[in-house]
Amino acid sequence: MSDTWRHELEAIREQAMASLALASDSKALNDWRVEVLGKKSALGQMSKAMGGLAPEDRRVLGEALNRIRQELEQAWRSRQAEIEAKEKALRLERERIDVTLPGRDVPLGAMHPISRVIEEIEDIFVSLGFSVVEGPEVETDHYNFELLNIPKDHPARDMQDTFYLTDEWLLRTHTSPMQVRTMERMRGRTPIRVIVPGRVYRRDEDDATHSHQFTQIEGLVVDEGIRMSDLKGTLEAFAKALFGPSQRVRLRPSYFPFTEPSCEVDLVCVSCGGSGCRMCKGTGWIEILGAGMVHPRVLDMSGYDSARYTGFAFGLGAERIAMLRYGISDIRMLYQNDLRFLRQFRHA
Ligand code: DAH
């Protein structure tokens, strides 16, 4: 092999080693690899030019080229390991977390007690085969009253002193219009088993037990052969699921224009367990909802032949349930959004 080759190779090697020592990050390292070992590098060019040499020269130069290539590749690998280690150390340093620093507080919300009660009641009725539907808060006089068998001069209209928007439009005073809307939507199909949570409005003076806006949950079941015992059994299952297996319900006769017969439904007092206390006024029972068998006229007006179909309905106040459940004495607390009050439900 000629001395020229030898010198040239030695020069390439030296220069390559020197520039490798200067490469200080992975990008420089990659560039070096292309420049020194790539096809267009001096070594690459020499390998290519070898074709024109005499066989003996070719062998000697080939060996020399291979050796230097291997040497340079080896140097590249160890330099790469060094740089990787250095870059990793830098990265670790940069991403270092001081685990002794106090954490930043993530403000945790709490589900509102009324939402909780609604979800809980929905779960209970869904497990009994009901579905959950919702309806409009702005209603017509027709749905809110007429189709529920509450004609214009009916005294029940006074019981539900109404926010009228126009002569015909109003803020619904109860969720019962959804009985009619549901039957209309079902167009005579059965069974119907729905509950309807939603806001209702009445022109009441706000006090500890009244609010001009509150939340009802309506229930409706319609099918052939539905009886009052189905109503009682369903409500009893509901009471046990919500307030514990020793709960019972009691039905008292009452009056609603859209049910016949109608009843008010009591629970065993959740405060004294039935022995009588201030909360239940010594009776051992507390009223939780109104209910009854859907009035034949309501069925007929909604397209269900009352000679064939029967149904039951009920309506309860979510606030009242929440107050019993969590021992809240003033309904207004549920609407004042005092964080000190609401935060108590974070872990409830
Ligand atoms: N809508 C009644 C109210 O607001 C509550 C009610 C009573 C609903 C009896 C019913 C029912 O579905 O059957 O006072």
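Is glutamine 247 buried or exposed? Before we get there, keep in mind that this is a predicted model, where local features need pLDDT of at least 70, side-chain atom pairs count only at pLDDT 80 or more, and totals for chains, interfaces and linings use all residues. Residues are numbered from 1 along each chain as its sequence is written, and side-chain values use heavy atoms, with hydrogens and water left out.

Let's start with the overall layout. The protein splits into domain 1 (3–94) and domain 2 (115–345), with bounds that come from an automatic or database domain assignment. Taken over C-alpha atoms, the centres of the two domains sit 85 Å apart.

Now look at helix α1 (residues 3–22) and helix α4 (residues 55–94), which pack at an angle of about 5 degrees with their axes 11 Å apart. Helices here are DSSP runs of H or I, at least four residues, numbered from the N terminus. The axes are lines fitted to C-alpha atoms over the stretch in contact, and angles run from 0 to 180 degrees between N-to-C directions. So α1 and α4 are roughly parallel, a label for angles under 35 degrees.

Glutamine 247 counts as buried because its relative accessibility is 6%, and buried means under 20% relative accessible area with a 1.4 Å probe, protein chains only. Not counting residues up to four places away in sequence, its neighbours in contact include Glu236, Leu267 and Val268.

Methods: Buried means under 20% relative accessible area, exposed over 50%, partly exposed in between (1.4 Å probe, protein chains only). Contact means heavy atoms within 4.5 Å. Helices (H or I, at least four residues) and strands (E, at least two) are DSSP runs, numbered from the N terminus. Angles under 35 degrees count as roughly parallel, over 145 as roughly antiparallel, 65 to 115 as roughly perpendicular and the rest as oblique.
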